[in-house]
Amino acid sequence: MIDEIQFYEPNESHGFLSNFASSPIILSNTVWPTSEHYYQAQKFTDPDIQQQILMANTPDEAFNLSRQYADKVKEDWMDVRSAVMRFIVFEKFRQNPRLTHLLVSTGDTVLKEHSHKDNFWGDGGDGSGRNELGKILMEVRDYFADKEPFNLVHFVDSAKLPTQWGTFQMYGFIEQATGKEHLALVYGDLDPDSPPLIRLHSECLTGDALFSARCDCGFQLSRAMENIVNAGSGVLFYLRQEGRGIGLINKIRAYHLQDDGADTVEANERLGFAADMRDYSFCRGMLSFLNIKSVKLMTNNPRKVKALTNAGINIDQRVALQEGNNPHNENYLKTKAAKLGHMFDSEFIK
């Protein structure tokens, strides 16, 4: 049996695929509330009728208006309707990147408009319809599927995450290049015109979950989440790049070398790795999904600033995140400053 996604009502699962779903589209300085508004208006040459449909409060109202003027539909409509639909569906997703991420994340699944009222655009309710809208959606999906940033990560699902600081909305992504799972924890309402406070936090099982004091990771994670809540909104990106990208087991090996006297950089290099193996380019996909164009980045790491800048991510401001200095990680922090260029205040490490 072929896997398929059936959609119809805009408020149901996968409702974003419907032409009735809210998706503002700007064409020649005119804002169409939905693709349905535009499609129905194009049936007419009379500008007054087009304006009435444009100003309809809902897509249902736009649809009904077109039926009221059925005797005024232009003669060649049946010949051009598919081209009109293809154009406006493409524009819907081109101009609404979050919807494009959702569309691409459906993978190769067959998309069907499950409508018993329509056997041309839909499947007729029993699968016998032509499903022309579903076919157009799959064409648009194929177009964007290999283009950045939509091919960097696939969105999976979201859920609430209550924490000791407040309740975050947790979004799950799969990095396409590696298959790794990453999270975005969003707090509050993000303003697309204002850079949010964010933290790109690479996974550290020992520090984040096992309370290790030999690094500052767990301390920074806690402080970052607290800072985001105190700011009123922001995002904590939790990235599965354990041990600066070398993985958990190799990190244990590096710890062993550090126990024998190596510093954190020397340990990685003795194992045949660079000092920092992390890649942040895929983060563009997560930021694009959340409609974030620039950020206030909590970090002390200039390499992270450079990597994000090189990946096309605009950093409006760097915010220091100095937390967790203790006798067990004193040399670790000094090495980060001396060999990796981390920017610490002189009072933080002495």
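This is a predicted model: local features need pLDDT of at least 70, side-chain atom pairs count only at pLDDT 80 or more; totals for chains, interfaces and linings use all residues.
Residues are numbered from 1 along each chain as its sequence is written, and side-chain values use heavy atoms, without hydrogens and water.

**Exercise 1.** Find the sense in which strands E5 and E6 pair.

*Solution.* Locate E5 at residues 153-162 and E6 at residues 167-175. Strands (E, at least two residues) and helices (H or I, at least four) are DSSP runs, numbered from the N terminus. Pairing requires at least two bridges found by DSSP. Here 9 bridges join the strands, in the antiparallel sense. As one example, His 154 has Ile 174 of E6 as its bridge partner. The two strands form a hairpin, with 4 residues between them.

**Exercise 2.** Describe how helices H4 and H5 pack.

*Solution.* Two packed helices are described by the angle and the distance between their axes. H4 (residues 77-95) and H5 (residues 97-104) pack at about 105°, with axes 5 Å apart. Axes are lines fitted to C-alpha atoms, for helices over the stretch in contact, and angles run from 0 to 180 degrees between N-to-C directions. H4 is therefore roughly perpendicular to H5 (65 to 115 degrees). Contact (heavy atoms within 4.5 Å) involves, among others, Phe 93 of H4 and Leu 99 of H5.

**Exercise 3.** Which helix gives the most to the lining of the largest pocket?

*Solution.* H1 (35-41), H3 (59-68) and H4 each supply at least two lining residues. H3 gives the most, with 5 residues.

Methods: Angles under 35 degrees count as roughly parallel, over 145 as roughly antiparallel, 65 to 115 as roughly perpendicular and the rest as oblique.
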